Amino acid sequence: MMGAAATAMPSGASGKLTAQAAPAGTTVERIDRRLQGAKGPVDVWVTIDAPSMAAQQAKLASAAGIEKSNKLSSGESKTAMAQSLEKYRGEVGAQQSKVAVSLASVGAEELGRVQVAHNAIAVRVDASQLEQIALIPGVAKVRPVINYEMTLSETVPYVGGAAVQASGKDGTGVTVAVLDSGIDYTHRNLGGAGTLAAYAAAHGGAAGDPLSTTLDGLFPTAKVIGGYDFVGEAWPTFGDRSEDPDPIDFQGHGTHVADIIAGKSADGTHVGMAPGAKLLAIRVCSAVATSCNGVALLKAVDFALDPNQDGNFNDAADIIHLSLGSDYGQIQDDLTEALEDAVDLGIVVVASAGNGSNKPYVVGSPSIGPGVISVAQTQVPSAIAIPLVINSPASIAGTYGNTSTVEWSPVGAGATGNVAFIGRGCPAGSVAAGSPADPILNSPAGKIALIDRGGCSVSLKVDYAVDNGAIGVLIGLVAPGDAVSFSYGGGDSFAPTLVIQQSLSSAIKARLNAADTVNVSISPTSGIPLVGSMASTSSRGPSSLQTIKPEIGAPGASVSAVVGTGDGEEAFGGTSGAAPMVSGAAALLLQAFPSRTPIQIKSMLMNSANTQVFTNPALLPGGLAPITRIGAGELRVDKAIGLNAIAWNPDDESAALSFGQVDAAFDGVVLVKKVRVQNFSNSSRTYSIARSFRYADDAASGAVSVIAPGSVHVGPKGKTDFLVSLLIKGSKLPTWTLNGGTLGGNGAALNGPEYDGYITLTSGSEKLSLPWHVLPRKASATVASPFVKTKNGGSLKLLNLGVETGDYDVFSLTGQSPRIPRDELPGAGDNFAIVDLQSVGVRHLPAAVFGADYLEFAISTFGQRVHPNYPAEFDVYIDSNNDGTPDYVVFNTENGGFSASGQNVVFIANLTTGGAATAVFFTDADLDSGNVIFTVPMNASAGGINVGVAPGTTFGFSVFAFDNYFTGAQTDAVENMLFTPGNARFGVAGDPFGTVTPRSFATVPVTSATVPDAKSTETGLLLMYRRNAVLESEVIRVK
Amino acid sequence: MYAGLIASVVLAAAQVSPGSPQTVEVLVVLSEPALASLPRDATADQRAKLQQRIQRQQDDIMTRLAALGAVESARVQGLRNAIAVKLPPAAIDSAKKIKGVIGVHTISHRNRVDD
């Protein structure tokens, strides 16, 4: 049903002024706090309470999803949606007209209207009339029009773009292909007329409008010189991918990106990084979902290489830009491979690293492609963190930087007052339907409310507190960890709000309980500048190829063009907003040096980057960001354009030295990388070479030494190479504590074992810097001697020649699988992964020793994964009663879903009862490993979630391996295994795990028993090693 | 793959097409070299000849794929010589055996990197 109910306008939207329409106090809440105290003429956005066209479209899409299950064809849905949207557009227009009449009646001068992304009217009005405007029926909010030109002017000059533009380079002659959701070529920043009418003529204003598929004489333009729509209007929600010649944007992502790269308004007040560059709008991303079509992407790369489709690439774009990808990037990705080929053809390719946050190995494809430039996000220059200042009592007075703001309730001018702890603060009906309001423990009237997180949406808590008189709100976390932000979940009464850590919340409560008065300030004046630091959401490397990715950072959140608004602008963040800064910078360099190759342009950008980038000045003052977050540093294109030479590693196609992950079992591990230096000048140059560590404690440890010559000489227009070596002393490395379970998403934990820094070449005032990085794992080198058999078993001797204690776990070996032939394994671009099982083992941890019965399954594979999350899932199907039908399945997956947490966990699902699977333990799996161990509650002794196996009862099981990244396909299996807990054929006397100290051996007593084949498929023992060089697992054949 | 039943883990893969649950979309990679294999200074005649060979091979193989129930959805020839088709999963093995087919790959979709 997409009928009247879905499109009905809110009641009361008559447009007449009526002072009785709203209860007292409502108008103040509708007026943005930034307008409080305003005098004289002000420019404001009057937001109307009906959804924007885009929001309405989303609603209809959702509704259509329900209808699809009712057998309505996609064609019918599409038609119905278009009709509904068209009707709704008329209603929005009518409502805006009514509100506009009321605005005019209070002397407001209309500046413009928007309907697509926002439903609002911009007016200039005397501030004394704001309360009257807020009373107009249908008005939801009155917000200031931000002087975006001022904000825009932050980022381009900050990275050196304005200086380069002032020197006469603006990207003229360079073409950038933007593979995204299309481009609104009618926007004033992109050479369009800059009117709503122009957009309506080009698109029609609703997805599926026929105008959005035809050129109508409006495209191409002088700015957006070509393009194509390879995805169409319907995919994936309403129908199949389709193609049409009109790449007009509806969703908005691509328009932001294009503006940051090459925007330029006719009046010259707005300029992107390369305002003289031309654009190709190649539409590959959906207008109705966040997906970008895989077929469309491959066609788009072809189009970028040959826009006129004549088979000759002489009209190829100079730069291909992609603010899209997939976290945990894998080299088998076909788009990554295609873009590598594009780089080989001389195209500069720039891609966002992703917004996967500070999780090891989360950096996405296609940015992991060696030749692709992978871009991280840094903070805009004006960004600040707002701490909580406790003014009194003295015992806890101070400035606390581990806070977070919430977008929907900004700090604004701030607030100072005494704190009142009101409890959980959930209003009636917010916890569950009909739930009572939480009691207000202490009145917050005129105070700053402290509220515990939990139970209901945080925005409803704030609303509840403000309704009870609070002038500010502190949301106290109830579990340890950094302060985090929260999304909007309802409510309309807000006051300056900060989220604080549990520890600080507890400290405040303790003083309140002691009858102290706690006075605090939430104030932007005490803000901590974040300029030159990381955005917390920017994805971390290294890549799955063990390379330094991302490679360069740039500020995100540049204010840029909003689709369908004519001339509207707003901040656009994430690495999607950062990467266009780099594409624009590359365009400036290509104008200056049109014959330079992708690796030369990339090296210019990386060699000149500002290396002084910090993690978070509010949380970690002075703490530099690790190389695997920022790569070479933050973009400085004014420095790049002036370089006389560049330095890079030709093997990895990057101006970075990626030594990767290495198991260091002894003190003489040596890794070598080549640096190539190219001199563009007409005179010979000599560069001194400095080696530095990012962190003083890494240098002081003596575990890693960087070896390089003291200088390098390069002749005029010449090239020369030198080597940089790392000498790793395994014994001095810290003990490896990383894992892919509990710490699988913990980037901070990666800081310890990583070693990184810069190689800096200096000649006069010119500096060329290359980041270096290695992830050494202090390792044992344990091997088992041949099994020595005795009457009732025998023994194993484990010899550890390494520098780390050798940890081992012993399992009954129940199955093996042959190695899959090399010619069946995927290569780069093949779009599938093979998970190749090697050995499977199992053991019983008895209740008598471990308090409850547990089973542990050991799975080793040929080949390693950098992270246990991807691309492998293992399913253990357990036939608890051995009747031939599986009863449970145990499997691993990422906690919370794809790229949600980085943590790998073990789930159990009951195949008999069905229903949801339940997580039972974190997966025992390391980074850079081919081993996983699943711990599983065996029976009720270990809790209600178990696999129903009794000691002494034979169960059957099979292990299946899946590619869980590309195809979902099963890639290998070991089936029909049997094991009897408490009656193993082979085992060890005592604990089935232990350690071998470095440079020594341990003897492991092996037991054996006569168990019929009907009860066991054991053929020996499976040794699983941790942090062990060379061998990760070892099979000991006993039978 | 059990996790796929409880969480969205697989990025895209050979997705069943809306409205036609019996088919999957795959990329059929062909043996003739793509246009990008030509040297930069290749003549127009060389380019035209390779384009003709690619076109001919794509036409021939598409005919064979159609006989397996495949429906063409796209062709590329710049960086890859390949045809995207929707076909019954059971036909994939047969498609791999067609002379001139060097690979049948799943289609991976990506996501915008939203803020």
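Chain A exposes about 35,400 Å², by the Shrake-Rupley method with a 1.4 Å probe. Carbon and sulfur atoms supply 54% of that area. This is a predicted model: local features need pLDDT of at least 70, side-chain atom pairs count only at pLDDT 80 or more, and totals for chains, interfaces and linings use all residues. Residues are numbered from 1 along each chain as its sequence is written, chains are lettered from A and ligands numbered from 1 in the order written, and side-chain values use heavy atoms, leaving out hydrogens and water.

Now the overall shape. The C-alpha atoms of chain A fill a box of roughly 105 × 80 × 70 Å along the principal axes. Of its 1039 residues, 59% are buried, meaning under 20% relative accessible area with a 1.4 Å probe, protein chains only.

Next, secondary structure. Chain A has 20 helices and 52 strands. These are DSSP runs: helices are H or I, at least four residues, and strands are E, at least two.

Let's take one pair. Helix α9(A), residues 253-262, and helix α14(A), residues 575-592, have axes that come within 8 Å and cross at roughly 35°. Those axes are lines fitted to C-alpha atoms over the stretch in contact, with angles from 0 to 180 degrees between N-to-C directions.

Which residues of α9(A) meet α14(A)? They are His253(A), Val257(A), Ile260(A) and Ile261(A). Contact means heavy atoms within 4.5 Å. On the α14(A) side, the partners include Pro580(A) and Met581(A).

Among contacts in chain A between residues at least 6 apart in sequence, 74% join residues at least 24 apart.

Key
Buried means under 20% relative accessible area, exposed over 50%, partly exposed in between (1.4 Å probe, protein chains only).
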